[in-house]
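I set out to record, entry by entry, what I looked up in one protein structure. The notes follow the order in which I worked.

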Amino acid sequence: SQELKEKWWTREIVRHIQQMRKELNLKPEDNIQTSFSGENELCDFLEKNSEEIAKEARIKELSKGDLKEADLKKEISVDNKQLLLTIKRIN
């Protein structure tokens, strides 16, 4: 069902963000700003559910677009849909 698919998307996106945090040696309490970009239904889903995903992944700011001075950018694939995730540590 669509609901199960969206729960899976949320879990996968959060997992990728947590992996990126780990690559940057960030702690769970470190504040991060995250952006996403892409042209598919996954981006639309992220836009509509940004508050829930930000809360689950402990993101201070989650927005569509591209962070200019990011600490890490990574293209990920979820359900055969490409997504560019960008993370920047903020104080």
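**Entry 1**

The model I am reading is predicted. I located N25 in the loop between α1 and β1. Its phi is positive, about 60°, although N25 is not a glycine.

**Entry 2: Backbone at D79**

I then looked up D79, which is also not a glycine and has a positive phi near 55°. D79 lies in the loop between β3 and β4. I recorded a relative accessible area of 29% for D79; that value falls between the limits of 20% and 50%, so D79 is partly exposed.

**Entry 3: Helices α1 and α2**

Two packed helices are described by the angle between their axes and the distance between the axes. I looked up both values for α1, residues 2-23, and α2, residues 41-48: the angle is about 85° and the axes are 11 Å apart. The two helices are therefore roughly perpendicular to each other. From α1, the residues making the contact are K5, E6, W9, T10 and I13, and from α2 they are E41, L42, F45 and L46. Sorted by class, I find five nonpolar, one polar and three charged residues in this contact.

**Entry 4: Aromatic pair**

How many aromatic pairs does a search of the whole structure find? The search finds one.

**Entry 5: Nonpolar core**

In soluble globular proteins, nonpolar side chains tend to be buried together. I looked up the largest nonpolar core and found 23 residues in it. I17 and L83 have the most contacts inside this core. At least two core residues come from each of α1, β1 (32-37), α2, α3 (50-56), β3 (72-78) and β4 (81-89). The largest share, five residues, is supplied by α1. Leaving aside residues up to four places away in sequence, I listed the residues that I17 touches: I32, T34, A57, I59, L85 and I87.

Note on methods
Residues numbered from 1 in each chain as written. Predicted model: local features only at pLDDT ≥ 70, side-chain atom pairs only at ≥ 80, totals over all residues. Heavy atoms only, no water. Axes fitted to C-alpha atoms, helices over the stretch in contact; angles between N-to-C directions. Helix = DSSP H or I, 4+ residues; strand = E, 2+ residues; numbered from the N terminus. Parallel < 35°, antiparallel > 145°, perpendicular 65-115°, else oblique. Contact = heavy atoms within 4.5 Å. Nonpolar A, V, L, I, M, F, W, Y, C, P; charged D, E, K, R; others polar. Phe/Tyr/Trp six-rings, centres within 6.5 Å; stacked < 30°, edge-to-face > 60°. Core = buried A, V, L, I, M, F, W, Y, C linked by side-chain atoms within 4.5 Å. Buried < 20%, exposed > 50% of the residue type's maximum accessible area, 1.4 Å probe, protein only.
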